[in-house]
Structures are given as C-alpha cells and as structure tokens.
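Subject: A structure for you to explore

Hi there,

Here is the structure I promised to hand over. Have a look at it first, and then read on for what turned up in it.

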Amino acid sequence: MATMADVARSAGVSVATVSHVLNGTRPVLPHTRQAVLDAVEELGYTTNTLARSLVTARTRSIGLAVSAISNPYFTEILQGVEAAALEAGYSLLIADPHDDPEHERKVVQLLHERRVDGLIVAPSADPRGLLAYLGRHDVPAVFLDRLVDGPRTDGGPRFDQVCADNAEPMSRLVTHLAGVGHRRIGLVAGRPGLSTTSERISGYRSGLAFAGLAYDGRLLVHGHSESAGAEQATEALLSLGVPPTALITGNNAMTIGVLRALRAHGLSVPDDIALCCFDDFAWADLFSPRLTAIAQPGRDIGARAVHVLLERLAEPDRPARTVRLPCAFVHRTSCGCPSPSEEGTPS
C-alpha cells in the first residue's frame, strides 16, 4: 500500500507539502498541487483516516440521530445530510432513536463514544436526558426539524438549530380553505410536545383568527404523527354532531391515516370533504385528487444542518443560532379548487 512518503517522492515534493494538499491546511502552487494529485492517482494512495484522527483528535465523522428514517420527509433530510457531509469529506454514522427519550439518550451516547466530531439530532418530545448528556460532555450538536426549549440566561438558544418555518405555512392552508368557503376546518395535529406540533397548532389558530373564524377545540385532534393515530383521530372528528367540511393533516404519515379513515366512511375528497396536508411527498401528485400540500425543504434542512455543525466545529465559542428555512405552498386539487393548470397558473 502506498504511503504519503511514496507520494512525496513521486511528485518531487516534501511529505509536508503532500499533507497540505490532501488536508487543505496551506495554499500550494497550482502546478505543485496537480503533481501531488497525479501521484496520488498513479500510486492509488488512500488517506489513513485512523492515523490522521490520532494526530488531529478528529475522526471527520458526523453522528445523525433521526427517528422514522422510513418517513419520506426524514429520508430527504438524510439525503441532504449525507450529500453535504460527503462533500465536506466527512463520513456519517446513523442511529434511530425511535422517538423514545431513553433510547434517544442511549444512541446519542453510542454515537459520541464512536468519537464522532459532532452530532445532528432530531430530538424527541422529551429531550431532557439528551440535553443533559450533551451539556455534561460538551458535545458539538445541531438540532434539526424540531426545536428545543431551554435558552441560556442571556435569552439565546443553547444549541444550534435548523428547521422549516411551521406557523405561517399552516396559517396559509387554513386561510386558503376559508377562502373557498369552509367554516369548519379540522386539524389532525402531530405528537404533543414536539415543537413542530405546537408551532403548526399556533399557525392553525392564527389562520382561523385571520379568516374571522372562531376556534373550536373539538376540531383539533392529535394523530401523534403516525398513520394509525391519525386514522383514530379522524374517526373522532367524523363522529362530531357537526363534522368538519375540510381537514388539514400535520405530516405525511398522518395524511395516509386520514385518507384511510375517509375511505372507510365512504367519503370522497374533495367532493365530500376537502383535504390539505403539511408535508409534500413524491406520490402526492399521483393521488386522485392530487394533494394540496406544504412542501418542506428537507434536503436543504439536512445540508444546512451539516454546514452549521462544521461552522460550530471551526468556531466552538460563537453564539448558537436558529436557522429557519421557508416552505412552499403546492396548490393541487384536494382542497376543492380547480387544477392550477386549468386556471392557467403554474403549480
């Protein structure tokens, strides 16, 4: 196996110059850099990651703890994290906390013990154990998708966080449905305790207020961010004396459960009941009717989380920050509107 010294001899440079080229630690003249890269290619040299980590105390690896990896939204986030990490020369270790606080703390500890340089975590609804561990061991970490309460004494966030905007897009779904005549708009919300759930509920209520509609607590049910829970929650809404004429779902998994419940009741979307969902997904455009949705920038969230973490590693003492990325309103036909193509406007 070729060594760095072999590359240096072949390129006619010092071992230090080879190191600077491969690690980007110092500018090198273009023709010298190319000579080193040609030698690397010719000799088939590969970096000894273990040896480098012993010298630098860095493994150039990132730990990712995200629940429900099978969820299309989190799959997009994973793709964004992986692409950004690979581009930066980092490997990725992945664990699923299963949205369980105790398991969450264990998998984060496991990733930390693997000497990852930093962590990216989508926290559970009760992240106290997670926060205690990260704080006790001073682990560089970025939270994504779900925010964590508990600011520092100066009012700033304790950890870097990256998420989508939640309240305003949810409010837009409500006002859109109200604008086409609906007065009883139900919300199948996610798991209590998650920031995404509370922020989307806040957007739901502000949308009602903006549309001049009174809030009715009976129209807000929790599907616990799962298909089965959403199906049961929808049953509760449909059993009301005056059921809603329109529904909004809090994520894509719950959309499936809602559609299952509506089908069991013989209800057609949008003829019998309108439907909008928070979370677009690949096959939403293939449903009949096509689903009107809020599309979150999953890949961008994942990539931005990596960039924020790398900035944290480069500047450990800089103030923590929260980054919010905008969502997109995807207008289709499940809301009861004509197809945007029929209106002559792009979707």
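Predicted model: local features only at pLDDT ≥ 70, side-chain atom pairs only at ≥ 80, totals over all residues.

Residues are numbered from 1 along each chain as its sequence is written, and side-chain values use heavy atoms, with hydrogens and water left out.

**Rings and charges**

How many aromatic pairs does the structure hold? There are 3 aromatic pairs. Rings of Phe, Tyr and Trp (its six-membered ring) count as a pair if their centres lie within 6.5 Å; planes under 30 degrees apart are stacked, over 60 edge-to-face, and the rest tilted. One of the pairs joins Tyr73 and Phe74, whose ring centres are 5.3 Å apart with planes at 55°, so this pair is tilted. Tyr73 and Phe74 are both buried.

Another pair brings us back to Tyr204. Its ring and that of Tyr215 have centres 6.5 Å apart and planes at 80°, so they form an edge-to-face pair. Tyr204 sits in helix 9 (residues 195–210) and Tyr215 in the loop between helix 9 and strand 7 (220–222), so the pair ties together parts that are 11 residues apart in sequence. A note on those names: helices (H or I, at least four residues) and strands (E, at least two) are DSSP runs, numbered from the N terminus. Tyr215 counts as partly exposed because its relative accessibility is 34%.

Arg200 lies over the face of Phe278, at 4.0 Å from the ring centre. A charge sits over a ring if NZ of Lys or CZ of Arg is within 6 Å of the ring centre and within 35 degrees of the ring normal.

Leaving aside neighbours within four places in sequence, Thr197 is in contact (heavy atoms within 4.5 Å) with Ala189, Gly190, Arg191, Pro192 and His222.

The largest pocket holds about 450 Å³ of space. Of the 30 residues lining it, those closest to its centre are Asn71, Phe74, Ser225, Asn251 and Ala253. Helix 5 (72–87), helix 9 and helix 11 (252–264) are the elements that give two or more residues to this lining. Which element gives the largest share of the lining? Helix 11 does, with 4 residues.

How is a pocket found? On a 1 Å grid over the protein atoms alone, a pocket is an open set of points where a 1.4 Å probe fits, with protein on both sides within 12 Å along at least five of seven lines; lining residues have an atom within 4 Å of a point. Grid points are joined across faces, edges and corners, and the volume is the space filled by probe spheres set on the points.

**Cysteines**

A disulfide is a covalent bond between the sulfur atoms of two cysteines. Here it is counted when two cysteine sulfur atoms are within 2.5 Å, and the structure holds 0 of them.

Most residues other than glycine have a negative phi, and most peptide bonds are trans. Asp99, not a glycine, has a positive phi of about 55°, and it lies in the loop between strand 2 (91–95) and helix 6 (101–113). Arg115 has a positive phi of about 65° and is found in the loop between helix 6 and strand 3 (118–121). The peptide bond from Val269 to Pro270 is cis, with omega near 0°.

Enjoy exploring!

Terms used:
Buried < 20%, exposed > 50% of the residue type's maximum accessible area, 1.4 Å probe, protein only.
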